Amino acid sequence: MIGFALWTACTSAPSGPLDPPPIEPLEWDFSTDDTLEPIDLAAVGSALDRAVVDVLTYDARPLIEGYRDRLATSGTPNCPAITVDPAGNQYWVSGCYADDGSVFGGFLFYYPQVDNFDGQFLFTGDSVVGNARIVDPMGDAIDIQGSAVFLRGRAADDSSELVVNSVSGGFGMDADAPRWLDAGPQSANVELVGLQFVGGLGLVVQATGAIVVADDDGTWAASFSANAMALGPLSACDSEPGGVVSVRDPAGRWIDIEFDGPILDESAGDAAACDGCGQARADGAELGLVCADFTPWFSWEALP
């Protein structure tokens with residue numbers, strides 16, 4: 001018995017000063033960090049105002065139309081070598097040099113739609129998906145590294161119209177660039193959806209995705225999580241969306257702002273709290289109210 005006790009004592013892991021103390025994870029408390037300026041809620045609201053307007057400029061149509069125009073102008077039967085599937089979709093998977101000096105590089109899929117019925121809406125429009133660079137004889141290029149989609153839908157009973165605009169990936173245009181690309185190539189992940197009911201029965205505009213906005217104070221970002229503005233019977237609040245919009249300040253801090261407007265398929269919004277302002281939080285701490293003007297969404301030019 002004594003021998004067993006001595007054996008276990010000699011073979012047990014050492015204890016005492018040789019053991020490192022346990023390390024407890026520390027939470028960063030931004031409110032006590034004196035290396036950063038306090039969060040300026042008015043500046044957050046101003047950045048969000050710009051983001052509300054700028055997110056509407058992410059238009060997929062110039063990219064799609066630019067590809068179609070270059071194909072019609074420079075394409076030949078073998079450059080690019082296009083395959084058409086039974087549904088009418090077109091794709092090419094190898095680059096080439098066209099007779100006029102244009103260069104088609106990479107691969108690209110083009111999906112045209114005319115009254116394509118999804119069970120609820122008849123969609124007309126088109127989309128491009130791929131990793132392609134197309135350069136015309138003047139050296140102007142179109143870069144498509146992802147997907148660009150623009151569709152208009154009409155309900156089978158003609159009760160409503162739908163617009164879907166989406167850009168996801170990296171893009172660039174040297175000529176006739178849309179506003180969001182006029183400063184050069186950009187990465188983007190934005191989807192805009194507009195639903196218009198006939199007879200003035202209502203309007204819904206929904207934005208999803210993240211964009212960057214800049215001002216004299218630095219670079220900001222805003223992230224929309226399927227936030228929707230609504231008019232008519234669908235909404236009890238037409239001055240703000242529902243759900244959380246997140247804003248990143250130039251110091252890299254994310255501020256989550258919870259608004260009280262409609263949330264699709266969940267709530268018409270809180271009419272009593274409908275004031276265009278939302279409660280802002282950072283790291284779970286309440287900061288106060290941030291106010292923004294979301295009404296530009298109702299004048300999105302691509303709406304039906």
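A: Happy to. Strand E13 (residues 277-282) pairs with strand E14 (residues 285-291) in the antiparallel sense, over 6 bridges. Strands here are DSSP runs of at least two residues (E), helices are runs of at least four (H or I), both numbered from the N terminus, and two strands pair if DSSP finds at least two bridges between them.

Q: Before we go on, what kind of model is this?

A: This is a predicted model, where local features need pLDDT of at least 70, side-chain atom pairs count only at pLDDT 80 or more, and totals for chains, interfaces and linings use all residues. Residues are numbered from 1 along each chain as its sequence is written, and side-chain values use heavy atoms, with hydrogens and water left out.

Q: Thanks! Back to the hairpin: how many residues sit between E13 and E14?

A: There are 2 residues between them, and Asp283 in the turn has a positive phi of about 55°. Arg281 stands opposite Glu286 in E14.

Q: Where else is there a positive phi in a residue other than glycine?

A: Asp158 is one of them, with phi near 60°. Asp158 lies in the loop between strand E6 (141-155) and strand E7 (160-173). Its relative accessibility is 46%, so Asp158 counts as partly exposed; the cut-offs are under 20% relative accessible area for buried, over 50% for exposed and in between for partly exposed (1.4 Å probe, protein chains only). Ala226 has a positive phi too, near 55°, but Ala226 lies in a strand, E10. Ala226 is partly exposed, at 37% relative accessible area.

Q: And which peptide bond is cis?

A: The bond from Cys79 to Pro80 is cis, with omega near -10°. Pro80 is in the loop between helix H3 (61-74) and strand E1 (83-84). For background, most residues other than glycine have a negative phi, and most peptide bonds are trans.

Q: Let's zoom out. How many helices and strands does the chain have?

A: The protein chain has 3 helices and 14 strands. Of its 304 residues, 40% count as buried. Among contacts (heavy atoms within 4.5 Å) with a separation of 6 or more, 54% are between residues 24 or more positions apart.

Q: Tell me about H2. What covers its buried residues?

A: The cover includes E9, E10, strand E11 (242-248), strand E12 (254-260) and E14. The buried residues in H2 are Ala43, Val44, Gly45, Ala47, Leu48, Ala51 and Val52. As for length, the 14 residues of H2 (residues 41-54) should span 20 Å at 1.5 Å a residue, and the end C-alpha atoms are 20 Å apart, which agrees. The expected span is 1.5 Å times one less than the number of residues.

Q: And what covers the buried residues of H3?

A: For H3 the cover includes strand E2 (90-92), strand E4 (103-117), E5, E6 and E7. Its buried residues are Pro62, Leu63, Ile64, Gly66, Tyr67, Arg70, Leu71 and Ser74. From the E5 side, Ser127 is in that strand (residues 121-135). Ser127 counts as buried because its relative accessibility is 8%. Beyond its neighbours within four places in sequence, Ser127 is in contact with Ile64, Phe109, Tyr110, Tyr111, Ala148 and Val149.

Q: What about the loop between H2 and H3, is Leu56 buried or exposed there?

A: Leu56, which is found in that loop, is buried, with a relative accessible area of 15%. Not counting residues up to four places away in sequence, Leu56 touches Leu192, Pro296, Trp297 and Trp300. Leu56 and Val190 are 134 residues apart in sequence, with 9.2 Å between their C-alpha atoms.

Q: Last topic: what volume does the largest pocket have?

A: About 310 Å³. A pocket is an open set of points on a 1 Å grid over the protein atoms alone, where a 1.4 Å probe fits, with protein on both sides within 12 Å along at least five of seven lines. The volume is the space filled by probe spheres set on the points, which are joined across faces, edges and corners.

Q: Which residues lie nearest its centre?

A: Tyr58, Trp180, Gln186, Ile211 and Val212, out of 17 residues that line the largest pocket, where lining means an atom within 4 Å of a point. Strand E8 (186-197), strand E9 (202-215) and strand E10 (218-231) are the elements that give two or more residues to this lining.
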